[in-house]
Amino acid sequence: MAYRISRRSVLAGGAAALSASALGGGLAFGQETRLRLMWWGSQPRADRTFKVSNLYMEANPGVTIDGETVGWDDYWPRLATQVAGRNAPDIIQMDYRYIFEYARRDALAPLEGYVPDVLNVSDFDQAALDGGSVDGSLYGVSLGANSSAMMVNSAAFEEAGIAIPDQSLTFDEMKRIGEEITAAGKRQNFYGLSDGSGVEPFFENFVRQRGKALYTEEGELAFDAEDAREWFELWAAMRESKACVPPDLQALDKRQIETGMVSLGHAAVSYAHSNQLVGYQTINKDPIVMHAYPRIEAGAGGGHYRKPSMFFSVSSQSENPEAAAAYISFFVTNPEAAAVLDVERGVPESAAVREALKPHLDETGRAAVEYIGGLGDLAGPLPPPPPLGAGEIDKMLIRVSEEVAFEQHTPQSGAEAFVEEAKSILARG
């Protein structure tokens with residue numbers, strides 16, 4: 001990537017900017033600056049976000065932050081509608097899967113012009129800045145680092161007399177554990193595992209362990225129907241042996257923490273991201289611990305990667321982009337904001353914030369930090385950015401996986417249909 005924020009200039013202005021951010025910005029935006037902020041996530045995330053907005057408004061009289069939040073599935077259609085209607089929120093919570101798509105459609109404002117005086121990212125790792133950059137410009141400020149993870153109800157494991165496995169866990173062992181928990185019958189309508197066949201990060205982890213990826217640098221599909229067939233067959237075997245939940249239960253999962261099979265009490269293992277441990281633990285009475293995805297075989301690794309959990313971007317339609325950038329700076333660097341946010345959106349990217357937060361982390365927060373740092377050989381490099389249409393393919397994987405689960409497709413025909421349609425989506429751009 002050709003673009004780099006000048007670390008020299010950032011560092012030169014970093015101290016002053018950190019001071020300004022820590023104090024709440026101190027920039028004048030007029031008497032009645034109003035910003036709309038939209039994000040996806042659970043109720044605990046909403047509570048934290050509103051608290052930080054209140055802190056910002058107290059420190060910046062005359063600035064009002066209006067918050068909107070919906071679940072993941074509803075978020076992207078709503079955002080697309082608002083962008084198309086030229087009614088986009090000023091500050092947009094953005095995902096790595098979509099940031100390239102929105103930036104290249106000129107829906108986002110470049111932010112490097114606000115660095116460092118308004119937007120302080122002086123002590124972010126370059127990798128975190130690169131993750132939010134598209135074609136040489138900064139379009140998203142990472143709100144935290146995370147990785148995909150399994151959310152494990154440790155009480156359910158204990159009831160079944162099964163120890164939490166170590167990092168050497170393979171798919172074969174995971175299947176056996178799922179079968180044993182289901183067979184133990186300690187809870188009603190309860191299975192060992194959620195059905196992961198429609199979980200894109202899980203499938204990505206699987207193909208990365210096979211030396212492939214979801215997409216190439218050129219935006220083409222980087223796996224083939226054989227990879228998809230083996231993936232669907234793997235989960236068909238899980239369903240057949242009752243290691244995982246049946247499709248009618250899995251269909252209840254709307255890709256929110258509240259509707260995951262662990263949260264609904266139907267499985268001992270769900271699939272999420274490390275920053276979501278806080279949310280899972282908040283709404284689950286049983287202790288929840290994280291575990292990395294299994295290896296395709298002993299010794300295989302590199303399926304995981306450390307990624308920005310999400311970004312804050314500024315809409316290109318915003319009438320107050322500088323004010324929006326100042327709010328983002330407060331969100332990622334202010335110590336009081338950090339204490340509220342904890343690691344719910346991932347491990348903070350600011351080194352100063354991580355250091356300030358460390359003594360105050362509870363057990364869940366420490367677990368999230370330790371998980372990111374303890375992936376070892378299971379973690380590989382950040383994959384190429386998702387191309388236009390990747391979001392549509394993500395949703396298509398859910399649909400096709402359900403069709404396979406309900407036996408409307410065989411794993412072979414499902415794999416062929418999935419790959420053919422994915423290629424068509426990418427060709428359309």
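## How α16 and α17 cross

Helix α16 passes helix α17 in a right-handed crossing, meaning that the near helix is turned clockwise from the far one by less than a right angle. Helices here are DSSP runs (H or I, at least four residues) and strands are E runs of at least two, numbered from the N terminus. This is a predicted model, in which local features need pLDDT of at least 70 and side-chain atom pairs count only at pLDDT 80 or more, while totals for chains, interfaces and linings use all residues. Residues are numbered from 1 along each chain as its sequence is written, and side-chain values use heavy atoms, with hydrogens and water left out.

Two packed helices are described by the angle between their axes and the distance between the axes. The axes of α16 (residues 390-405) and α17 (residues 411-428) come within 10 Å and cross at roughly 165°. Axes are lines fitted to C-alpha atoms, for helices over the stretch in contact, and angles run from 0 to 180 degrees between N-to-C directions. The two helices are therefore roughly antiparallel (over 145 degrees; under 35 is roughly parallel, 65 to 115 roughly perpendicular, and the rest oblique).

Which residues of α16 and α17 meet? From α16 come E392, I393, M396, L397, R399, V400 and V404, and from α17 come P411, G414, F418, E421, A422, I425, L426 and R428. Contact means heavy atoms within 4.5 Å. By class, this contact has 10 nonpolar, one polar and four charged residues. Ala, Val, Leu, Ile, Met, Phe, Trp, Tyr, Cys and Pro count as nonpolar, Asp, Glu, Lys and Arg as charged, and the others, Gly among them, as polar.

## α9 against α17

Helix α9 (residues 225-240) also packs with α17, at an angle of about 135° and with the axes 8 Å apart. That angle makes α9 oblique to α17, and their crossing is right-handed.

On the α9 side, A225, A228, R229, F232, E233 and A236 make the contact, and on the α17 side P411, Q412, G414, A415, E416, F418 and V419 do. The classes here are eight nonpolar, two polar and three charged residues.

Rolling a probe the size of a water molecule over the atoms shows where empty space is left. On a 1 Å grid over the protein atoms alone, a cavity is a set of points where a 1.4 Å probe fits but cannot get out, and a pocket is an open set with protein on both sides within 12 Å along at least five of seven lines; lining residues have an atom within 4 Å of a point.

The second largest pocket has a volume of about 360 Å³ (the space filled by probe spheres set on the points, which are joined across faces, edges and corners). It has 17 lining residues, and A80, Y98, E101, Y102 and R105 are the closest to its centre. Helices α3 (72-84), α4 (96-104), α16 and α17 each supply at least two lining residues, with the largest share, four, coming from α3. The lining divides into nine nonpolar, three polar and five charged residues.

How many cavities of 30 Å³ or more does the structure hold? There are six. The largest has about 140 Å³ of space, and among its 14 lining residues L143, F331, V332, L341 and P348 are the closest to the centre.

The second largest cavity has about 80 Å³ of space. Its lining includes M150, F157, L169 and H291, and has 10 nonpolar, one polar and no charged residues.
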